[in-house]
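New notebook page. I'm opening this one without any background and just jotting down what I look up.

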Amino acid sequence: MFGLGISHRYHLYSHPTDMRKSFDGLAGIIQKELNGSALDGTAYIFINKSRDKVKILHWEDGGFVLYYKRLESGRFELPVYDASVMGITLSYSQLVLLIDGISISHIRRKKRYQIPA
């Protein structure tokens, strides 16, 4: 069961990741390179160099959940970002589009009502 939804925060690590890394290795990247905490409830997204594999590390009550997807053909299309940053924040909609293989760089978001922060 996919336990992620619109209420979560999503952070895409912008550098290629070795997909042999598991829970502790990915949590180490979050702590050392992103200066974050893997326990903060954010879902961290990691993509390999050839962009055909993605891992999402998320802390839920009691432990880590690791989602892993491998494409049999094609590549994940990443959003445009400044290469000097370590990561970018994505919305749930952007995550779903990324996982489903829909280009997120050419999509225009229509105006919607939002509750002021």
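This is a predicted model: local features need pLDDT of at least 70, side-chain atom pairs count only at pLDDT 80 or more; totals for chains, interfaces and linings use all residues.

**First look**

I checked burial to begin with: 35% of the 117 residues in the protein are buried, meaning under 20% relative accessible area with a 1.4 Å probe and protein chains only. Residues are numbered from 1 along each chain as its sequence is written, and side-chain values use heavy atoms, with hydrogens and water left out.

**Layout**

I found 2 helices and 5 strands, as DSSP runs numbered from the N terminus (helices H or I, at least four residues; strands E, at least two). Along the sequence they read β-α-β-β-β-β-α. The radius of gyration, over C-alpha atoms, is 14 Å, close to the 13 Å from the globule rule (2.2 Å times the number of residues to the power 0.38) for 117 residues, so the protein is as compact as a globular protein of that length. I also noted the box that the C-alpha atoms fill, roughly 40 × 35 × 35 Å along the principal axes.

**Helix 1**

Which residues of helix 1 are buried? In this helix, residues 23-32, I listed Leu26, Ala27, Gly28, Ile29 and Ile30. Their cover includes strand 1 (10-13), strand 2 (43-47), strand 3 (53-60) and strand 4 (63-70).

**Contacts**

I looked at contacts (heavy atoms within 4.5 Å) between residues at least 6 apart in sequence: 57% of them join residues at least 24 apart.

Methods. Buried means under 20% relative accessible area, exposed over 50%, partly exposed in between (1.4 Å probe, protein chains only).
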